[in-house]
Amino acid sequence: MAASSDIVILGSGYRGLWLASELVKLGWSVSWFQIHKPPPATKKDNFVFDDWPWQVGPHINKSHFVNMAREFIADVIKPSEQEIAIQVITPSGPLELSGPGQQATLRKFFPKTSKDILAYFETVKLSQRIEKGQRLLSKHTSKLFEKPLGERWCLEWLGGLRRSRAMGTEEWVKNWEGDLLDPSSHFWLLNDPLSTVVERALVWAESKGVSVKRNAIISDIGVEGRRATGIEIQGGEGFLNCKQIVLACSYDAAIKSVPRFAKHITPQVKPDSESFVWSRCGFYLKPGTKPSGLLEFSSFVMDPYMPLVGSNVGLLKWRTAEKGDSLTVWCRIPFAELRRRSYLMNLTEELEKHLGSLFPWFSKRLVAVFPFEEYFHSPGAIRDDLAIVYDKANKFKPSPSRLKNIIQMGPGADRGLELLSQLATEYRLLNQLSEIRKKELKRDRTLHPPRNGENLVQPK
């Protein structure tokens with residue numbers, strides 16, 4: 001490994017690998033160190049767990065960011081595409097917010113406001129294309145959310161439930177100027193375990209010129225004054241000088257890797273401010289159980305007038321196979337309950353009852369249940385592997401640091417819970433670092449002007 005690198009990225013999962021490849025294009029040398037890798041795919045007997053609650057995210061054709069990352073998405077994440085983005089199963093039947101069943105089901109569930117909701121969907125789409133779109137969306141949101149909850153509860157799927165902050169759609173749009181899911185967009189689904197995706201990302205980044213170090217152990221980070229000078233790598237590889245260090249991981253992962261560095265950085269989110277966490281359990285069913293009308297990725301709600309937490313709401317992800325069907329159910333639960341075994345066991349039982357009432361065939365086709373106990377048995381797990389919803393007191397702003405050239409880019413900076421939100425965080429940092437690179441190149445041209453013959457001494 002080289003004795004110096006312009007940018008050093010300490011990565012968790014695949015965080016920072018796409019960013020690293022883009023920084024190489026700017027002419028920087030980049031080293032990426034894996035300080036935390038995701039756990040291997042969870043497979044019990046023939047059951048296969050799904051690895052992420054809100055999947056990859058919406059396929060937005062006209063997004064500059066998505067177009068920039070398209071090669072990474074196609075070659076590394078390799079998502080499949082679902083035409084209908086949102087399907088909500090309820091005791092009164094299914095509700096689809098796009099596709100051929102959209103208008104009929106909206107009229108059924110929202111007879112007074114179905115036209116208003118359809119107009120709102122158009123506003124969501126329009127807001128992504130025009131200059132003053134956010135103002136238009138905010139105005140329309142204020143008007144629609146004056147109506148009772150029963151006349152517009154489905155709108156939480158567009159914003160509130162997918163956010164990394166504990167807030168509803170109205171507050172997300174009006175106070176945070178947040179974006180919403182366009183129901184007409186196709187939805188990208190995660191097909192492979194995250195461990196497989198990460199391995200592909202490592203190989204892909206190396207092919208783009210990134211220096212990758214798997215399972216890295218960092219002994220220390222050098223500091224002089226108010227700047228980090230580089231990192232010391234355990235294993236006889238010595239000290240690596242650098243200009244910038246990016247922490248593409250959580251604060252917890254960073255200080256666990258380099259404990260003595262904790263005094264130089266502060267957490268991206270306030271301590272003990274975790275409100276909810278998306279957790280999973282599994283149901284293994286006989287082959288051919290999944291009905292043809294049910295999407296591979298859908299959701300359910302038992303009572304839309306009650307808080308959308310616990311067993312009242314869930315995300316459903318199916319994997320079908322010859323030996324049997326695997327159904328992963330993701331629920332948003334209070335973070336404090338994550339380590340309480342009795343709560344998790346009761347939650348599994350409640351979900352089994354709800355699924356039995358939503359699908360009459362469920363109990364007859366059920367082979368095995370895999371409860372939430374994996375969370376109870378792993379209290380020391382790095383939180384980078386969890387989809388956490390933080391209190392809204394945590395704003396999206398850079399974390400203060402005593403050092404000028406340290407940048408944090410962990411889960412606390414993500415706007416949403418989809419995998420695309422992780423890449424969007426990298427995209428925002430890429431814009432910031434691109435400006436630094438432009439200034440650097442401008443300074444270099446000033447100090448070392450091109451030798452085009454204009455300033456040479458003429459011979460006598």
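Residues are numbered from 1 along each chain as its sequence is written, and side-chain values use heavy atoms, with hydrogens and water left out. Since the model is predicted, local features need pLDDT of at least 70 and side-chain atom pairs count only at pLDDT 80 or more, while totals for chains, interfaces and linings use all residues.

## Pockets and cavities

Rolling a probe the size of a water molecule over the atoms shows where empty space is left. Here the search runs on a 1 Å grid over the protein atoms alone; a cavity is a set of points where a 1.4 Å probe fits but cannot get out, a pocket is an open set with protein on both sides within 12 Å along at least five of seven lines, and lining residues have an atom within 4 Å of a point. Grid points are joined across faces, edges and corners, and a volume is the space filled by probe spheres set on the points. In the lining classes, Ala, Val, Leu, Ile, Met, Phe, Trp, Tyr, Cys and Pro count as nonpolar, Asp, Glu, Lys and Arg as charged, and the others, Gly among them, as polar.

| Space | Volume | Element giving the most to the lining |
|---|---|---|
| Largest pocket | about 1,200 Å³ | α13, five residues |
| Second largest pocket | about 540 Å³ | α8, three residues |
| Largest cavity | about 130 Å³ | β19 (residues 387–390), three residues |
| Second largest cavity | about 60 Å³ | β15 (residues 297–301), three residues |

The largest pocket has a volume of about 1,200 Å³. Of the 38 residues that line the largest pocket, Ile60, Ser63, Gln128, Asp179 and Leu180 are the closest to its centre. At least two lining residues come from each of β5, α2 (64–68), α5 (114–127), α6 (133–144) and α13 (419–447), and by class the lining of this largest pocket comprises 14 nonpolar, 12 polar and 12 charged residues.

The second largest pocket holds about 540 Å³ of space. Its lining has 29 residues, of which Pro39, Trp52, Leu194, Asp385 and Leu386 are the closest to the centre. Here α8, β14 (274–285), α12 (373–376) and α13 each supply at least two residues, and the lining of the second largest pocket divides into 15 nonpolar, seven polar and seven charged residues.

The whole structure contains two cavities of 30 Å³ or more. The largest cavity is lined by 15 residues, with Arg15, Leu386, Pro411, Asp414 and Leu417 the closest to its centre, and its lining divides into seven nonpolar, three polar and five charged residues. The lining of the second largest cavity includes Trp54, Trp157, Phe187 and Phe297, and by class this lining has eight nonpolar, three polar and no charged residues.

## Helix α8

Helix α8, which gives the most to the lining of the second largest pocket, covers residues 194–207 and reaches 20 Å from its first C-alpha to its last, close to the 20 Å expected at 1.5 Å a residue, where the expected span is 1.5 Å times one less than the number of residues. Its buried residues (under 20% relative accessible area, 1.4 Å probe, protein chains only) are Leu194, Val197, Val198, Arg200, Ala201, Leu202, Trp204 and Ala205. Just after α8, Gly209 takes a positive phi of about 100°.

## Strand pairing

Strands of a sheet pair through backbone hydrogen bonds, either parallel or antiparallel; two strands are taken as paired if DSSP finds at least two bridges between them.

Strand β13 (residues 238–248) pairs in the parallel sense with β1 (residues 4–12) over seven bridges, and Cys242 of β13 is the bridge partner of Ser5. With β12 (residues 227–233), β13 pairs in the antiparallel sense over four bridges, with Gly238 of β13 as the bridge partner of Ile233. Strand β20 (residues 406–408) runs parallel to β13 and is joined to it by three bridges, including the one between Leu247 and Gln408.

A separate description applies to an open sheet of three strands, in the order β5-β9-β6 with antiparallel pairing. Because β5 (57–59) and β6 (80–82) stand at the edges with a single partner strand each, one side of each is left without a neighbour in the sheet. Three bridges link β5 to β9 (residues 186–189) in the antiparallel sense, and Gly57 stands opposite Trp188 in β9.

Conventions:
Buried < 20%, exposed > 50% of the residue type's maximum accessible area, 1.4 Å probe, protein only.
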